Amino acid sequence: MTGAELGGLVPTVSIIIVNWNSGRQLAQCLASITPTTNQAYPIERVVVVDNASKDCSADDLQRRDLPLCVIRNPSNQGFAAACNQGANGSQADYLLFLNPDTRLLANSVTRPLAFMELPESRQIGIAGVQLVDDEGRVSRSCARLPTAGRCLAQMLGLDRALPGVFPGHFMTEWDHRGNREVDQVMGAFFLVRRSLFEALGGFDERFFVYFEEVDLTVRARAMGWRTFYLSDARVYHKGGGTTDRVKAVRLFYSLRSRILYAYKHFGWWTGSALTVGTLVLEPFTRLTLAVAHMSVAELVATVGAYIMLLRAMPRTLKTAWWESQA
């Protein structure tokens with residue numbers, strides 16, 4: 001039963017965690033949720049969707065102290081698809097998409113839910129919170145929505161060479177110590193109204209991983225919904241998580257998703273131009289930076305990512321073409 005059905009007094013939340021070889025982080029994340037179950041806002045369920053992990057991280061997760069459901073996919077379905085699986089069937093007022101490399105703190109859930117229930121927050125559809133690391137340092141995690149110009153500046157490395165003229169994707173110039181409306185919050189802690197999520201049809205599953213939350217935010221914005229960042233609610237976030245071990249794969253999926261995003265939101269011709277830039281200009285930028293950093297690992301990851309991207313281009317362009325005809 002939703003909070004609305006209870007007279008709007010007790011909003012409920014479902015927590016969805018997509019797992020892929022997260023090791024002990026998943027168990028630690030679940031353990032951090034337990035203290036929140038007795039707080040003001042009931043947790044309808046906690047859903048772990050495991051994308052064919054091979055490290056046994058999703059084994060033996062049964063917990064009597066959580067309304068836990070585990071979905072085990074026989075193959076990796078991708079982050080967006082797994083999130084949609086976890087959200088499917090929820091009757092809660094809110095959906096909280098949580099990374100397994102996070103740990104909830106005292107007011108991580110109660111503060112954003114209380115904020116979302118305020119009358120003045122009725123047009124806030126998505127909320128994020130302050131992310132901190134082991135040392136308590138605040139991550140500058142809020143971001144600007146992509147534009148064709150920002151994508152081009154990134155390809156040429158102008159956002160790193162001249163950040164004052166070409167601001168980067170993340171809002172690194174802001175200390176993230178105040179509450180404010182933002183373009184986009186990081187998907188590590190992504191709170192969204194269930195009614196909005198369903199109205200948007202969930203995450204676009206063509207984004208295997210990366211840009212799915214950006215795309216959802218843009219579509220929500222087009223419907224008049226806003227996104228808000230709360231600095232007075234905190235979550236521990238390791239950062240990088242399981243993808244730190246597969247940097248070439250991570251870069252490949254990021255580039256592929258950006259290409260799909262460009263075609264979807266900027267149109268066929270602009271998307272094609274940015275694709276050419278991604279394939280022709282950006283490799284030289286990244287390889288130059290790798291040499292400047294004297295990083296063999298960065299060099300190897302860049303080459304590996306572009307080999308995968310070139311191999312995937314026929315299928316990627318086919319996906320983009322069908323998107324343009326929709």
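Okay, so a pocket here, on a 1 Å grid over the protein atoms alone, is an open set of points where a 1.4 Å probe fits, with protein on both sides within 12 Å along at least five of seven lines. Its volume is the space filled by probe spheres set on the points, which are joined across faces, edges and corners.

Quick housekeeping: this is a predicted model, local features need pLDDT of at least 70, side-chain atom pairs count only at pLDDT 80 or more, and totals for chains, interfaces and linings use all residues. Residues are numbered from 1 along each chain as its sequence is written, and side-chain values use heavy atoms, with hydrogens and water left out.

Now, the second largest pocket holds about 240 Å³ of space. Its lining (residues with an atom within 4 Å of a point) includes Gln77, Glu205, Phe252 and Arg256. Which helix gives the most? That's α11, with four residues. Both α8 (247-266) and α11 (296-325) supply at least two; helices are DSSP runs of H or I, at least four residues, and strands are E runs of at least two, numbered from the N terminus.

Let's stay with Arg256, which sits in α8. Arg256 is buried, at 11% relative accessible area (buried is under 20%, with a 1.4 Å probe and protein chains only). Its C-alpha lies 9.3 Å from that of Val209, 47 residues away along the chain.

Last one: Asp101, in the loop between β4 (94-98) and β5 (102-104). Asp101 is buried too, but has no salt bridge, meaning a side-chain nitrogen of Lys or Arg within 4 Å of a carboxyl oxygen of Asp or Glu. Lys238, the nearest side chain of opposite charge, is 6.5 Å away.

How values were computed
Buried means under 20% relative accessible area, exposed over 50%, partly exposed in between (1.4 Å probe, protein chains only). Lys and Arg count as positive and Asp and Glu as negative; His and the chain ends are not counted.
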